[in-house]
Amino acid sequence: MSEAREPVDLTNCDREPIHQLGAIQPFGFLLAISLDWMVTRASANLAEFLGIPQADALGRPISSLITPEALHTIRNKLTTLRGPDVVERIFDIALMPDQARFDLAVHINENQVILEGERCQEDRRNAPSLSMRSMMSRLDQAETLEAFFREGARQARALTGFDRVMVYRFDEGGSGEVVAEAARSGIGSFLGLHYPASDIPVQARALYLRNLFRIIADIDAVPVAVFPQLDEHGQPLDLSMSVLRSVSPIHIEYLKNMGVGASLSISIVVDGKLWGLFACHHYGPRLPSAQSRSTAELFGQMFASRLESRERRLALDYETKARRIADRLLTSVADNASLLDDPAWLIDALADAVPADGIGVWINGRMALAGIGPDERGFSALVRHLNRNAGGRIYAVDRLAETYPDLDIDDAVAGMLAIPISRSPRDYVVLFRQELVRTVRWGGDPHKPVEYGPNGPRLTPRKSFEAWSELVRGRSLPFTEAERRVAETIRVTLIEVVLRLTDEASMARQMANERQELLIAELNHRVRNILSLITGIVRQSQTTSVGLGDYIRQLEGRIQSLARAHDQITRDHWAPASLRQLLSAETAAYLGKNAQRFRMSGEDVLLDPQAFSTAALVFHELMTNSAKYGSLSGAGSGTVELGWNRDDEGNLRIGWREKDGPPVAEPKRHGFGSTIIRRSIPYDLGGKAEIRYVKEGLEADFVIPARYVDAVDPSVLPGAAPAGVAEHKAAPADREPLSGLKILLVENNLIIAMDGEDILRRLGAEVTTAPSVAEAMEILAGQSFDFALLDVNLGDETSFGIADRLAAAGVPFVFATGYGEGIAQANSHSGAPVLQKPYTTEGISDLLARVQLPKRG
């Protein structure tokens, strides 16, 4: 009977222990040394490099094999190791007197020092290395990612001298694509080819994350064994971090099938994940010097750092776009319950960030569909499948029929992004993408089975790596990581949208209606008062015996004065307004560029709306009279000096003095303007007014009661002080308002946390930072704090639990968020203050005024 044989394909590679092959490549030697510096293992070629047979070296102290100076250098280098997966290099060192010099690599593994050495390459040892700064500069100048990859491949080839250098990017399924290439002429191109995930087995990917650099100098070289193969516990030597680690026979076969004689790979790690590789092929043996390889490894890390920065900028652009979309969604549905009736507008709203061909909305058992997607029956079945997933998580697929084979959905629909927008009941917004029929060019047929040869199972079917095309059907354009992040932001917004479409929205509309009725009643009251005031001004102005033109100008000036006052009050939301700004506006209206003839002195104050309107009329009449008959008339040099101060009771005393104008005499008849000056403040405000017609110039004194006057810090008012204003130095601001206070900052992003720490420390605080709920709770168990600043969203959790603990302990806290106050306050602490991100000194300082902080001791 014939023996049953297991089918063989590249997935068999996943079971090969490539880090425990028990051998090294022959271009160097290896010693394993115990922590008390005894040789426990040695490679069989030790005599070729150090002149000492491998068997003689075992069990001897390393000090008997190398010079004391070399041992001292190695020990010093070991002190710089930080972490388990770090390899340090020592270049151009003599291990024995009057012998060849070596380049060493040293690392620690399982309580052993692993020492690897190779001879210095004399012709390259002193060659000047390429300027890393200039290489990075060329990368930074690339305008697109494609140009960035292309420049990276070109630079890596210049460093290594290999025939072909490829930038190889992994997709989410593990398959790879050559996205850039630099190669010598005449060897063809691999650009744009795809390779199946099985070409790089699982354990190899894990090693690429730990050991970022891999050199195979000659695929025909015979491996050199390391003895003893097993230690006293029966374990082989772990060569994961070894520079010289030998090569899997399966991988050697793979490279031979490609016609490659030497290979080199540099891992590209972005955000802690294996993004891809620099894959370098040479069509003959090639061993760059240790220094050149070290420079290439550094270049790979710098390239990955630059790539991560570019991807973060793209992600930031997407997140900014997501916030704009979220704001647009909230605005669109503020008082609109038509989401279920016409969901097509959501496709348009999301098109800029998450393009889709169709949409389905499922809320509380009701559905609505638009565009390309399943019918109602198919959508109901899909929702039942989605309910099996974990609640509250975005779910995306690009092969819907393969994922849910039992669903009866049109073949035109191939991709889906499900956005859950509630937990109970399960509600969803689902975006659909249609099938994208495309041709993928593979580097050889990735599906052809392996046959048994005369030497057992071999990888002979992959002898051909010529482009092999495959027509891919049943798949859509995948939803990218950035698109899923946008969807998560939108999910949070849509939760709020759904809440507005429930009973809470009805309650909000009722409150809005009541508020609107109140505002309309208040508006009616104020409009009637203004109309009555204007009617009175019209009638009283009519009693003055002036011509029609003068009458119109007088009336127009008085009404414009009221309008300016009203504009100022409404700009400040009907709050007290600045006296200085009122006077500046009147001065500008009458004097223009000659405003220096009007001189003010006094610390600015705020007048409440009633007093502000009254004062506007009074000073308008004074300014009008002075411009017509007094010191401001004509092109003379007359001036008006206006000063004010507050007396011991808080009343505002104002003095008006005209100088250097025409001689003044009391009029025989007092018109409406004079009546406003003499009677408005006493009558409307219960204050005082005194007018004196002194020959040298009109004098007037007014008193406005304290109940209409508030103090103001001049530094917060816009614009420079007008000419003649007496400057008063404000009391110095407290530059460290948090001095002596202990503050807990909870923020899951390191860079943002560092920024927040710096600001809080500049304000005088002692800051402790926690990135998660668990760490914050642990800190609170052992320390007490005066105040806490809590980021609402901490990755997959929120800080509401921390807020509960702080509230129970009576510690004041503030929420910080970039999603709007509604998100931060959707919990039991809805009354807590909210700080909008990003953190700024001004934002935190302004917030302190709203928080009751403990007294500083």
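Is Cys-120 buried or exposed? At 8% relative accessibility, Cys-120 counts as buried, a class that requires under 20% relative accessible area, whereas exposed requires over 50% (1.4 Å probe, protein chains only).

## Basis of the model

This is a predicted model, in which local features need pLDDT of at least 70 and side-chain atom pairs count only at pLDDT 80 or more, while totals for chains, interfaces and linings use all residues. Residues are numbered from 1 along each chain as its sequence is written, and side-chain values use heavy atoms, with hydrogens and water left out.

## Cysteines

Cys-280 is likewise buried, at 1% relative accessibility. Across the whole structure, a search finds zero disulfides, a disulfide being a pair of cysteine sulfur atoms within 2.5 Å.

## Helix 21

Helix 21, spanning residues 800-809 (helices are DSSP runs of H or I with at least four residues, numbered from the N terminus), has Phe-800, Ile-802, Ala-803 and Leu-806 as its buried residues. These lie on the same side of helix 21 because they cover an arc of only 150 degrees around the axis, taken from the directions from the helix axis to the C-beta atoms.

The face of helix 21 turned away from the buried side carries the exposed residues Ala-808 and Ala-809, and just after helix 21 comes Gly-810, with a positive phi of about 75 degrees.

Notes
Helices (H or I, at least four residues) and strands (E, at least two) are DSSP runs, numbered from the N terminus.
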